[in-house]
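This briefing goes with the sequence and model shown below. Please look them over before reading on.

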Amino acid sequence: MTRNRLSLLLAVLAMFVVAAAGYFLAVQPQLAQAADARTQRESVEQTNESSRVELSRLRAQAKTLPQMKAELETLSASIPDEAALPAFIDELNATATAAGVQVQSYTTSDAAAYAPTASTTGSAAETAPGATATSAPTATPAPVAAPSSAAEPPLVTDPAVTAQNFSVVPAAVAVEGTYDQALAFVKGLQKGKRLFLITKISSAEASGSEADATGVATWMFGGSLYVLDSSTPSASATPSTDG
């Protein structure tokens with residue numbers, strides 16, 4: 001009887017050993033794999049959800065892609081990645097013809113690297129970045145009276161615009177015409193494709209009795225053109241003024 005009881009106990013113990021070995025050797029790895037699979041599934045679901053959100057955002061942006069392309073084209077024409085002076089001269093001549101003025105001279109200076117401008121309370125010519133003196137017509141101009149002082153607008157800077165990728169090309173144009181024609185010429189320039197910031201205006205009476213009778217005068221407009229070379233933001237040299 002004792003031998004049978006001992007055998008039974010040994011058999012039960014062996015069953016527990018086999019069951020434990022089966023659990024640790026077969027069941028536990030399967031459970032661990034199942035837990036890993038659940039974790040991976042949750043991670044994939046989160047990734048899929050993020051992808052769905054991003055895809056929805058891109059689809060919404062794609063609807064405005066034509067509008068953004070048109071805006072980019074307008075901005076690129078306003079501030080190109082090269083000086084493109086011949087194209088600007090063509091625009092000047094077309095604007096002058098439409099306004100009824102005669103272009104007397106056109107001058108530019110070498111491009112200067114952009115430098116942030118400190119806030120001042122002076123004239124627009126003093127606060128414009130890169131604005132330098134340019135040659136004037138042969139007649140001695142008489143400065144136009146400065147407008148009444150107004151509150152200075154806050155300066156706005158962008159860290160993406162640096163001396164390495166942004167440059168200023170000083171330019172001046174002299175035209176001959178009446179006050180109304182000169183005003184129409186300026187308005188045409190401000191609405192043109194190329195950004196031309198006018199910072200200096202002067203005028204001189206044209207010679208000749210006929211000019212005196214018609215009110216024709218010589219007008220000089222000085223200011224700045226801008227070049228933004230977005231393809232080489234780390235370039236050390238400023239863009240060339242060659243068209």
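Which element of the chain has the lowest mean pLDDT, and which the highest? Helix H4 (residues 124-127) has the lowest, at 41, and helix H5 (residues 179-190) the highest, at 94. Here pLDDT is the predictor's confidence in each residue, from 0 to 100. Helices (H or I, at least four residues) and strands (E, at least two) are DSSP runs, numbered from the N terminus.

This is a predicted model, in which local features need pLDDT of at least 70 and side-chain atom pairs count only at pLDDT 80 or more, while totals for chains, interfaces and linings use all residues. Residues are numbered from 1 along each chain as its sequence is written, and side-chain values use heavy atoms, with hydrogens and water left out.

**Confidence**

- The chain has a mean pLDDT of 77, and 72% of its residues reach 70 or more.
- The pLDDT is below 50 over residues 121-144, a stretch with 46 contacts beyond near neighbours in sequence; a contact means heavy atoms within 4.5 Å.
- Over residues 233-243 the pLDDT is also below 50, and this stretch has 29 contacts beyond near neighbours in sequence.

- The structure holds two salt bridges, a salt bridge being a side-chain nitrogen of Lys or Arg within 4 Å of a carboxyl oxygen of Asp or Glu.
- Side chains of opposite charge can pair when their charged atoms come close.
- Glu-49 and Arg-52 are three residues apart in helix H1, so about one helical turn separates them.
- Glu-49 is partly exposed, with a relative accessible area of 40%, and Arg-52 is partly exposed at 49%; buried means under 20% relative accessible area, exposed over 50%, and partly exposed in between (1.4 Å probe, protein chains only).
- Another salt bridge joins Arg-57 and Glu-54, whose closest N and O atoms are 2.4 Å apart.
- Both Arg-57 and Glu-54 lie in helix H1, three residues or about one turn apart.
- Arg-57 is partly exposed at 38%, as is Glu-54 at 34%.

**Nonpolar surface patch**

- Leu-6, Leu-10, Leu-13 and Val-17 make a nonpolar surface patch of about 390 Å².
- Patches are made of residues with over 30% relative accessible area and no salt bridge, with like charges joined within 9 Å and nonpolar side chains (Val, Leu, Ile, Met, Phe, Trp, Tyr) within 5 Å.
- Leu-10 lies in helix H1 (residues 2-63) and is exposed, with a relative accessible area of 51%.

Technical notes: Accessible areas come from the Shrake-Rupley method with a 1.4 Å probe; for residues, only the protein chains shown count as cover.
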